[in-house]
Amino acid sequence: MRKLMAALGVIGGACAHAATPVHVAASLVDLSLEQLSSIVVSTVSGRDEPLVRAAASVYVISAEDIRRSGAKSLGEALRLAPNLQVAQPDANQYAITARGFNSTLANKLLVLIDGRTVYSPLFSGTFWEAQDVLLEDVERIEVISGPGATLWGANAVNGVINVITRPAGETQGAMAAIGAGEMQRDAAFRYGGVLADGHYRGYAKAMRRDSTTLPGGMRNGDRADHAQAGFRADWGRRGHGFTLQGDVYGGQLGPVERDIAGLNVLGRWTRDLGAGASLSTQAYYDRRSRHHTAIFKEHLDTYDLELRHNLAPRGRHRLIWGFGLRHYRDKLQNFPGSGFAFTPANRSLHRNHAFVQDEIALHETLDFTLGAKAESNSYTG
């Protein structure tokens with residue numbers, strides 16, 4: 001397929017970059033051994049740690065990797081991870097999984113965007129066509145292979161995808177980007193500034209993707225229109241401060257006519273307690289709506305609260321514990337003649353958990369991790 005792409009980027013203002021140890025600023029293959037040992041990940045153990053000491057198979061997609069790849073969506077960026085299988089069935093949907101058995105309803109991966117899970121109880125998975133971020137704001141994407149249920153819950157069977165965006169202090173000034181091609185047009189704008197003792201940024205983006213063409217020349221009807229806006233504000237410093245952020249979006253998709261919309265707001269407080277100890281608490285509200293024409297209409301409200309405490313290392317032990325409370329309020333409208341229905345149509349769901357995990361240093365280069373999690377939910381009690 002012939003494609004003609006044109007892009008215009010304007011960047012103004014100052015942009016601060018963290019000194020080493022780095023949170024992934026360049027392509028991994030271009031880094032020296034010293035730089036590789038300084039890459040920081042946080043998804044594996046719940047605390048910042050060097051990538052080389054992470055006790056899991058984890059692949060990090062850096063901001064520079066995304067920029068050089070030319071990715072225009074989160075799904076395209078995830079193609080960079082060799083431990084994922086990413087397919088695109090049509091112009092607006094992605095099928096993303098690990099360890100095979102891929103489909104648009106694959107539901108064995110836990111997906112997080114800045115600590116907010118984008119899980120849907122409709123099929124215990126992720127609607128990828130509704131997930132979007134401003135890729136210029138992404139600091140890194142951590143992709144963990146294998147189960148992570150102790151820290152993250154039963155949904156993390158085949159792994160965890162954690163999308164982490166940059167602090168507002170690192171996205172100061174103005175940025176604009178416009179792209180046009182044979183099948184897609186998009187535009188984005190962001191502005192960051194100083195707010196009291198902290199920093200803020202706001203962004204808006206829009207995308208239109210044309211329908212694909214079938215071999216016979218007919219249009220598939222899978223066009224997509226999507227718009228999103230959001231903000232982030234940070235006070236204090238990394239690991240010791242408060243973050244407030246939120247997004248609002250809407251879109252129309254085909255070939256099965258679907259209208260999607262949503263908004264979310266998240267607050268996170270972190271505190272460095274010294275001597276390797278830290279405390280963090282996070283709360284968010286997420287509102288999502290889906291309308292599949294003549295099939296069903298859903299409104300989902302999610303309320304989530306989580307606390308984590310990293311204790312100071314004691315001898316060979318590094319202990320982390322925490323708990324979380326989540327409440328779903330799911331309201332569905334079934335349409336007669338659609339061929340299926342959700343019963344009951346309205347339901348409130350609860351998911352509460354508590355966990356503890358201990359990393360025991362057996363040797364300078366060998367750790368043993370022991371963890372346990374208790375979880376209750378509305379399905380099984």
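Biologist: Where does F101 lie?

Modeller: Keep in mind that this is a predicted model. F101 sits in the loop between β6 and β7.

Biologist: What phi does F101 have?

Modeller: General idea to start with: most residues other than glycine have a negative phi, and most peptide bonds are trans. Here, F101 is not a glycine, yet has a positive phi of about 55°. R99 also has a positive phi, about 65°, and is not a glycine either. You'll find R99 in the loop between β6 (95–97) and β7 (110–113).

Biologist: Is F101 buried or exposed?

Modeller: The relative accessible area of F101 is 80%, so F101 is exposed. R99 has 54% relative accessibility and therefore counts as exposed.

Biologist: Okay, and which peptide bonds are cis?

Modeller: Among them is the bond from G254 to P255, with omega near 5°. P255 has its place in the loop between β15 (240–253) and β16 (258–274). Another cis bond links T343 and P344, with omega about 0°; P344 belongs to the loop between β19 (317–334) and β20 (346–363).

Biologist: Now a sheet. In what order do the 5 strands of the open sheet come?

Modeller: In general, the strands of a sheet pair through backbone hydrogen bonds, either parallel or antiparallel. In this case the order is β4-β9-β10-β7-β8, with mixed pairing. At the edges are β4 (57–62) and β8 (116–117), each pairing on one side only.

Biologist: How many bridges join β9 to β10?

Modeller: There are 7, between β9 (residues 138–145) and β10 (residues 159–165), and the two strands run antiparallel. To see this pairing, look at S145, which stands opposite G159 in β10.

Key:
Residues are numbered from 1 along each chain as its sequence is written. This is a predicted model: local features need pLDDT of at least 70, side-chain atom pairs count only at pLDDT 80 or more; totals for chains, interfaces and linings use all residues. Side-chain values use heavy atoms; hydrogens and water are left out. Two strands pair if DSSP finds at least two bridges between them. Helices (H or I, at least four residues) and strands (E, at least two) are DSSP runs, numbered from the N terminus. Buried means under 20% relative accessible area, exposed over 50%, partly exposed in between (1.4 Å probe, protein chains only).
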